[in-house]
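Thanks for coming, everyone. Please have the structure open on your screens. I'll keep this short.

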Amino acid sequence: MTGAIDPSFLSLPYRVLGDAALARAADLGVQHADFRLERIRSQRVLVRDGALQGAAEGDEVGFAVRVVHGGAWGFATGVVLTEEEARRVAETAVSVAEVAASMTTRPVELAPEPVYDDVTWVSSYDVNPFDVPTADKTAVLADWTVRLCRGSAVDHATAHLLAVQENKYYADLAGTRTTQQRVRLQPGFEAMGGTSEVFDSMASIAPPVGRGWEYVTGGWDWDAEIDEVPDLLAEKLKAPSVDAGRYDLVIHPSNLWLTIHESIGHATELDRALGYEANYAGTSFATPDKLGTLEYGTPIMHVTGDRTVEHGLATTGYDDEGVATQQWDIVRGGVLVGYQLDRPMAALMPDLNDGRSNGCAFADSPGHIPIQRMANVSLQPDPDGPSTEELISRVERGIYVVGDKSWSIDMQRFNFQFTGQRFFEIEDGRLTGQLRDVAYQATTTEFWGSLEAVGGPETWVLGGAFNCGKAQPGQVAAVSHGCPTSLFRDVRILNTTEEGGQ
Amino acid sequence: MTTILATAQELVERGLAASSADDCMVIVRESTSANLRWANNTLTTNGVMSDRGVTVVSFVRKAGGTAAGSVTGSATTPDQVGDLVAAADAAARDAEPAEDANELVRDRTSPGWEDPAVPTDVTVYDTVAPALGEAFRRAGAAGRVLYGFVDHEITTTYLGSSTGLRLRHVQPTGHFACTAKNAALTNSAWVGTATRDFTDVDPLAYDDELARRLAWGERRVELPAGRYDTILPPTALADLMVDAYWYAGARDAWEGQSFYSKRPTGTKIGERIAAPGVNLFSDPTHDPLQCSPFLVASASSSELSVFDNGLPLERTDWIRDGELRSLVQTRHTSGMTGEPVTPYIDNVVLEVDGATGPIDDLVAGTERGLLLTCLWYIRMVDPQALLLTGLTRDGVYLVENGEITGAVNNFRWNESPVDLLRRFSHASATVPSFSREWGDDYFSRTATPAIRVPDFNMSSVSQAT
């Protein structure tokens, strides 16, 4: 069941402010203008060892006017919700464009998009988390930590809940008007414990989701995980340190989503590939001259981009440039075939997507300009593919990797290093116990070129994160990545203790 | 619609008067900013932003202690702040007693409390913008491609409480950073600097420096992974010291979770963790890194407590002469650990006793080694060892017989920042620095030396150029 737009957002004066700002921008002769008013409600609850450590709520409202004027961008924002201020902010945006024009050597163009006159979209959830009393949320998290602390190996346990309700109204001079609401949730916990020599932790592998409070009460088997984690931590504390070398890896979706995010998601953002992030997030090895020829991985690799999957964190009806969201191929048959686009990027490469944006513009707040942000970038399963157990059975000497932890990749998305929550040694097709101090390190195309098998649809999980960073000034976005359990051959494994030694 | 706009001070007073909780704090942050961003020798995005965020923290005494409720929102009118107060009061009434409850700080007033917020706008770039336009033209003509960003923000914070706090702080934060590539995009260089007002930023001089560095890169040398005699410039030390500081929470250390924990119990306070003469400290008055001289926390966590709001901050030694002296404490964790109250401060300085001279002296004294430009994508690998991983970025230069003789491929490295402070062989004088990794959005007030480390662990080659 999906609800209606929050009445307290509907009562905000976004239509009159938008009309006033766009009319003023039109009077000043702009080529393009858009108006966006957002309200972002957020909540964070932290619990440690059964006690509430901190709870905070946020409720941000503001608006932005973006213009193309004289071939240059102008962007300005405000928080005072009056028509006078909306007009003033539109004037500021135009004056910023005038300053920018002298430094803009290539005029800004936007890919065309049909007009959507007054459309509404609400994400898929049952119970709005902001309708649930904070005391109830705190009680659930406290209960998790108390139960975790009953484990003999657990010294301390933390739990957290992040909840967001994002409302956006967008209007542009072409006539598009969209009103949208998205809800997302990130619950989680971590158990910690040590001996006289070692200390370690183990966290939940539950992904953040575009769902409501029903995710906490029945959308994930929290009880099973809370029962299992203390014993897994006890085993991990006694586990042998890994021998560095090369191993076959069976990687669970709870770990592989992040490798997809870093080595495919960011690498196939067209703005990065064209240098727009060269001073910050970086560029990409997957440049447009390689489109249609770059062998990203083995032929079984099929990666899609979408902003449409149900419960996806990047899912929405229309993006922050009024583009209807879509699904498309990024890697097909192992070959690079697509990019993530916003309207300026689509205009630079009109041969892609029939000259149209694929809907990847996003601004994380009313105070920031929309830029190309990541779609849900997902690895497709093999319709007749194997189970996780079958994949493990194909490995003589390897490691089964579960849960994400540390991540890092270079500025062109070649060299990466990841750790995880749980590493199980595989010997002759069977799990024989956990290993400690494991990191895997590889180069993107070499890694995906070692992909031997993807699991079947029953192994596919939609993972993701709330905290993907990009752009200057920095913006944070939530994004999902689905994938099946997958088998990679002959990957370099480091022993992190040896890496830190001298 | 009738809208009554109020000053920040009026919002504070109206909020405090509206609260029905036992105590209340109102924090108003008025912020304006202006930015320009460029790529491929042309401006890409820009913006002039204004924001006013209000945090209300309400405190309600109840059986078993005092509960706190915190609500942050946009508020420009008395009615809006009234809504936030009502929500914070309700949150505190619903919450269980806070474990970090303490007496609230009382009766301090900043000079200038009555003053308005200090704004910035796009005119801060009146001299920088034309120079940037000239730099784009000059670079384009010379076959260089520039990519970069300037940002200037001034935030005026007002903290008022029912216990008589009326504190105000004005924080300017700005930076200039520019990446240059050759036309083939096979050679990359970077410069960056923090600034409070852009009067000290000359884009054409930075373009000259980028051209000099790209020229160093015209000779390419491929080197394998391994341990190298490596000179880390002040920006790289800034990255690493921010991480060393961020992970120095007293509670995490006390409960066994960090490098700063002592096994089986306690913390490493009092132990030597770095070479003699190494000093790491924070000081809100340190020029030009001045930051808030009082604590402001919107919500409690392991390293912050809303009950500590308004606590005066002063110079705190984290490492003194190589010895760990303090960890980041709230009054609550101070009670747990038995150590003094040493809260988080928004700058950090690394100094090495007796170190003098510029980074050029370190280069001149190196027979064969690497000179880094900056670090990137730094993440924790092992909290117990404070082992970090990351990459080199935008220029690794080969030093032979005291001269720069070419550019080397990039590397992934795995290192502990504190261990580097034990192993380094040489250090330069400390200078204001700008962390490439964290300076943009999180932590721009650093001062660090360059250091030379005889055996820096380059774990693998990165093909990035």
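**A sheet, a chain and a contact**

Let's start in chain B. Six strands there form an open sheet, and their order is β12-β11-β10-β13-β20-β19. The pairing is mixed. Which strands sit at the edges? They are β12 (323-324) and β19 (431-433) of chain B, and each pairs on one side only.

A word of caution before we go on. This is a predicted model.

Now look inside that sheet. Find strand β10, residues 278-282 of chain B, and strand β13, residues 348-352 of chain B. These two run antiparallel, and four bridges join them.

Next, chain A. How many helices and strands does chain A have? The count is 12 helices and 22 strands. The C-alpha trace of chain A spans about 70 × 55 × 45 Å along its principal axes.

Now to where the chains meet. Chain A brings 84 residues to the contact, and chain B brings 89 residues. Together the two chains bury about 6,900 Å². Carbon and sulfur atoms account for 50% of that area. Which three residues of chain A supply more than any other three? They are Met103(A), Asn279(A) and Met411(A), with 11% of the area that chain A buries against chain B.

On to the polar side of things. Between chain A and chain B there are 47 residue pairs in polar contact, counting pairs with both residues at pLDDT 80 or more. There are also three salt bridges between the chains. One of them links the side chains of Arg48(A) and Glu255(B), at 2.6 Å from N to O.

Which element gives the largest share of chain A's side of the contact? It is strand β2 of chain A, residues 51-69, with 11 residues. That side as a whole divides into 34 nonpolar, 36 polar and 14 charged residues.

Stay with β2(A), please. Four bridges join β2(A) to strand β3 of chain B, residues 65-74. This time the strands run parallel.

Definitions and conventions
Residues numbered from 1 in each chain as written. Chains lettered and ligands numbered in written order. Heavy atoms only, no water. Contact = heavy atoms within 4.5 Å. Buried area = accessible area lost by both parts, 1.4 Å probe. Salt bridge = Lys/Arg side-chain N within 4 Å of Asp/Glu carboxyl O. Polar contact = N/O pair within 3.5 Å; in protein donor to acceptor, adjacent residues only side chain to side chain. Nonpolar A, V, L, I, M, F, W, Y, C, P; charged D, E, K, R; others polar. Pairing = 2+ DSSP bridges.
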